[in-house]
Amino acid sequence: MIRAASCSSQRFCNSTNRLEQNPLFLYRLITRTRLSSVHSSHSSFQFHAHLNLDSFVSALINGISSCSRVPDCQAFHARVIKSVNYRHGFIGDQLVSGYVRLGCEEDAQNWFDEMPEKDLASWNSLISVFSRSGYKQKCLVVFSRMRFQTDIQPNYITFLSLIPACTYKGALSEGKCIHSLAMKLGMLSEVKIVNAFINLYGKSGHLEAASRLFEAVPLQNLVSWNSVIVVYTENGFAEKGIIFFTLLRRAEVKFDQATLLIVLQACECLGVGNVAGSIHGLILSFGLNSNITIATALLNLYAKLGRLSSSREVFREMVYPDMAAWTAILASYAMHGHGKEAIQLFELMVKKGVQPDHVTFTHLLSACSHSGLVDEGKHYFRIMSDIYGIECRLDHYSCMVDLLGRSGQLKDAYELIKGMPVEPNSGVWGALLGACRIYGNVELGREVAERLFTLDPSDARNYIMLSNIYSAAGQWIEASKVRALMKERGFNRTPGYSFIEHKNKIHYFVVGDRSHPETDKIYAKLEELIEKIRKTGFVPKTEFVLHDVEEEVKEDMINKHSEKLAIAFGLLVTNDKMPFIITKNLRICGDCHGTAKLISLIEKRTIIIRDPKRFHHFANGICSCGDYW
């Protein structure tokens, strides 16, 4: 980075002399920053003389705010020193902001320190520009200087810059001190300040403090409501966020786009389709379905809730879908395993003149990967850069490695990684490790896992994956060594669970679970289902039980997997003609996948199971993934 000159007038003599010797230089400089109003119609060389001081200062301020290069800012700075008082029109403060904006925070600080008279506006300007530019620590340091080196008291503008600095720096203790000061100075009557503190405490996970602040506001505005909904949703209490939205409606506060986007996010976190449908109805009743941003978020929500048909309907109703909407519907097809439809949609998008970006291609390649469309994936990976001029990113390489790995081309996937022009990250190596697990390649899996341990030693999933590879190969001693290493490093294996929505309530199940009130009925139904599929010749795939135990024990363990319990419950409580959706936190195992196919055939039901990677639609004994996942 080019460093600015020192802020003292003596050090700017060279720039000043340059301006004095060639007045046209300043004219051209201001013209380049689109300040054509500065020059006189009489003579461009004498424009300064024909302007009154206020006009000249205004031109300089506009020039400073338009500068995109440090030397330009220096030249304006030189003219300020030579021709005007730095206090005129707060031009000194503008220079400070200009230097920070261009990344010269030290020079901004030096110039600020040399200003002989600094009022509250000056301090606020520096605090604000440091806060907006991401220099959070400097922002707090400047505030400390103002408090201890001057008698100037902060005002609400000061606090509105300080609180975000504490929020995004994670400086909760400093934030609490600022909260105390704001209370002492009577600033908590300003609703904007209270909203900022709600955000601070919420981002720090202190929900009770955020809630107390919200309740203490005598007249909450929309930002107050939005802040508290965000606070609970982002901290894993989406249901509470929905409750606050309901209270907002009862208080007859008019919501906006931001509110609905937050609530749709809360619905996604909850995984409750009925609530999503209610929000959709609200969107329609207020005529907001024409809002492309809201419609895209709704489309995305339905897809993640397993309701791809609803996503399609929302997209069809869009009159002029933008690139974000096209990308969202393409991603929806990808996550549901409809690779060919995703390709058709991509071609239609291009035909309509919508230019794809790198995100579009990430989802397109993912769709090819999840559907086993190897040749198609290679084609789009190639034309992405050759035709569309989009540089291959790590996400694209990760999709290609996954595509090749899933199809059994582990050697080609490894060669692709070795030929990458950038250093592969954990996502790329993780895709190859997943392929090694699928195809039981212990040797390559060990090598890839070692690389992942170096890249991301704190990610327990890589240790679990290697342990599973060893276990599947019957190398129990090696598997136990990996588990011992996990224990030594303090890693805990995430227990698998499945859940299903019924009557606006989420019902959770874990392996061998007997905590549900309907346990007896669930296990009776499950035994009935297992007996039916056994008669078809189905044999439990106990190789997916990665424990060194007897075969009979393995069979008993695998028959009580959480998704099987959830399926039994779903069949008991849902309408015969309606599909039901089960969500898993871990990848579905091969035995449960085969079991779900047969149950869908025998019971004549559509069962949808979502794991962290994709959706599986089971109907008539077939899965939408084509047994390719």
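Arginine 605 counts as buried because its relative accessibility is 4% (buried is under 20% relative accessible area, exposed over 50%, partly exposed in between, with a 1.4 Å probe and protein chains only). You are looking at a predicted model, in which local features need pLDDT of at least 70 and side-chain atom pairs count only at pLDDT 80 or more, while totals for chains, interfaces and linings use all residues. Residues are numbered from 1 along each chain as its sequence is written, and side-chain values use heavy atoms, leaving out hydrogens and water. The side chain of arginine 605 meets that of aspartate 576 in a salt bridge (3.8 Å, N to O); the term means a side-chain nitrogen of Lys or Arg within 4 Å of a carboxyl oxygen of Asp or Glu. Aspartate 576 sits in the loop between helix 31 and strand 3 (580-584) and arginine 605 in the loop between helix 32 and strand 4 (607-610), so the pair ties together parts 29 residues apart in sequence. Helices (H or I, at least four residues) and strands (E, at least two) are DSSP runs, numbered from the N terminus. Aspartate 576, at 58% relative accessibility, counts as exposed.

**A buried pair: aspartate 591 and lysine 564.** These two side chains form a salt bridge at 2.7 Å, N to O. The pair links distant parts of the chain, with aspartate 591 in helix 32 (residues 590-602) and lysine 564 in helix 31 (residues 562-573), 27 residues apart. Both aspartate 591 and lysine 564 are buried.

Glutamate 518 and lysine 521 join their side chains in a salt bridge (3.7 Å, N to O). Glutamate 518 is partly exposed, at 32% relative accessibility, whereas lysine 521 is exposed, with a relative accessible area of 55%. Elsewhere to visit, Lys525, Glu528, Lys532 and Glu603 are linked in a network of salt bridges. The structure holds 18 salt bridges.

**Helix 14 against helix 15.** Helix 14 (residues 238-250) packs with helix 15 (residues 257-270) at about 145°, with axes 8 Å apart; axes are lines fitted to C-alpha atoms over the stretch in contact, and angles run from 0 to 180 degrees between N-to-C directions. Residues that meet (contact: heavy atoms within 4.5 Å) include Ile242, Phe245 and Leu248 in helix 14 and Leu260, Val263 and Leu270 in helix 15.
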